[in-house]
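Here are a few exercises to work through with the model open beside you. Try each task before reading its solution.

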Amino acid sequence: MTANWRTSSYTETQNCVEVADHDPTTVMVRDTKARGRGMIEVQPATWTAFVEHAKQREH
């Protein structure tokens, strides 16, 4: 299965991460400026918890 990488629609620069969540068992995350340096894989529940925490930190 080929990864479907995407960035947030809120991103205005290339200083962000890309996420591939096409596989229901894992979410892959990589740096947009260093795509060739690898990625991390986390469970979907872990990614959801991280995103929710980041949303709370914005305020």
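**Exercise 1.** Which residues make up the largest nonpolar core?

*Solution.* This is a predicted model: local features need pLDDT of at least 70 and side-chain atom pairs count only at pLDDT 80 or more, while totals for chains, interfaces and linings use all residues. Residues are numbered from 1 along each chain as its sequence is written, and side-chain values use heavy atoms, with hydrogens and water left out.

- Start with the rule: a nonpolar core is a set of buried Ala, Val, Leu, Ile, Met, Phe, Trp, Tyr and Cys residues joined through side-chain atoms within 4.5 Å. Buried means under 20% relative accessible area, exposed over 50%, and partly exposed in between (1.4 Å probe, protein chains only).
- The largest such core has 5 residues: Val 19, Val 27, Val 29, Val 42 and Trp 47.
- Now look at Val 29. Leaving aside neighbours within four places in sequence, Val 29 is in contact (heavy atoms within 4.5 Å) with residues including Trp 5, Val 17 and Trp 47.

**Exercise 2.** Find the salt bridges and say which parts of the chain they link.

*Solution.* A salt bridge is a side-chain nitrogen of Lys or Arg within 4 Å of a carboxyl oxygen of Asp or Glu. The whole structure holds 4 of them.

- Arg 6 pairs with Asp 21, with the closest N and O atoms 2.6 Å apart. Arg 6 lies in the segment before β1 and Asp 21 in the loop between β1 and β2, so the pair ties together parts 15 residues apart in sequence.
- Arg 30 meets Glu 18 at 2.6 Å, N to O. This pair links strand β2 to strand β1, and both residues are buried.
- Glu 18, Arg 30 and Arg 35 are linked in a network of salt bridges.
- Glu 52 and Lys 55 meet at 3.6 Å; both lie in helix α1 (residues 44–57), about one turn apart.

How values were computed: Helix = DSSP H or I, 4+ residues; strand = E, 2+ residues; numbered from the N terminus.
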